[in-house]
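Biologist: I am new to this structure and would like to learn how to read it. Could you walk me through a few features?

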Amino acid sequence: MIRLSKGDEPAVLSNNAAVWTAELLDALEHRPADVPGIKGRYNHPTVKAALKAETSEKCAYCESKMLHVTFGDIEHIVPKSADPKLTFDWENLTLACDVCNTKKGTARGY
């Protein structure tokens, strides 16, 4: 696993995370059909660019150079399902390859 130093939080998160989190928590309780659209808001080009920069375009878990064969996934270190309050938390986001991101529901051994 790469030792990472978080860069500056992208403005789209710092400007919107609190409102998005409140909307997500409300939707989880009252409007489940709205949850998928709200959850995906972290998937913004500026967020991905910042994550690419901080990981040197490598998977944060296995350190593979992935961007020449795949797009890479914005990964939640603490899964969204385990703590929805961290869905838009900059400290909880990183970049992962498809293999590591797929394994997130299993014992990864990381």
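Modeller: We will look at a helix and then at some cysteines. This is a predicted model, where local features need pLDDT of at least 70, side-chain atom pairs count only at pLDDT 80 or more, and totals for chains, interfaces and linings use all residues. Residues are numbered from 1 along each chain as its sequence is written, and side-chain values use heavy atoms, leaving out hydrogens and water.

Biologist: Which residues of helix α3 are buried?

Modeller: An α-helix has 3.6 residues a turn, so residues three or four places apart point the same way. Helices here are DSSP runs of H or I, at least four residues, and strands are runs of E, at least two, numbered from the N terminus. Buried means under 20% relative accessible area, exposed over 50%, and partly exposed in between (1.4 Å probe, protein chains only). In α3 (residues 45–54), Val 47, Lys 48, Leu 51 and Glu 54 are buried. They lie on the same side of α3 because they cover an arc of only 130° around the axis, taken from the directions from the helix axis to the C-beta atoms. Pro 45 and Ala 53 are exposed, on the face turned away from that buried side.

Biologist: How many disulfides are there?

Modeller: A disulfide is a covalent bond between the sulfur atoms of two cysteines. The test is a pair of cysteine sulfur atoms within 2.5 Å, and the whole structure has zero. For Cys 62, the closest cysteine sulfur, in Cys 59, is 3.8 Å away, too far for a bond. Cys 62 is partly exposed, at 38% relative accessible area. Cys 100 is in no disulfide either, with the nearest cysteine sulfur, that of Cys 97, 3.7 Å away. Cys 100 counts as buried, at 2% relative accessibility.
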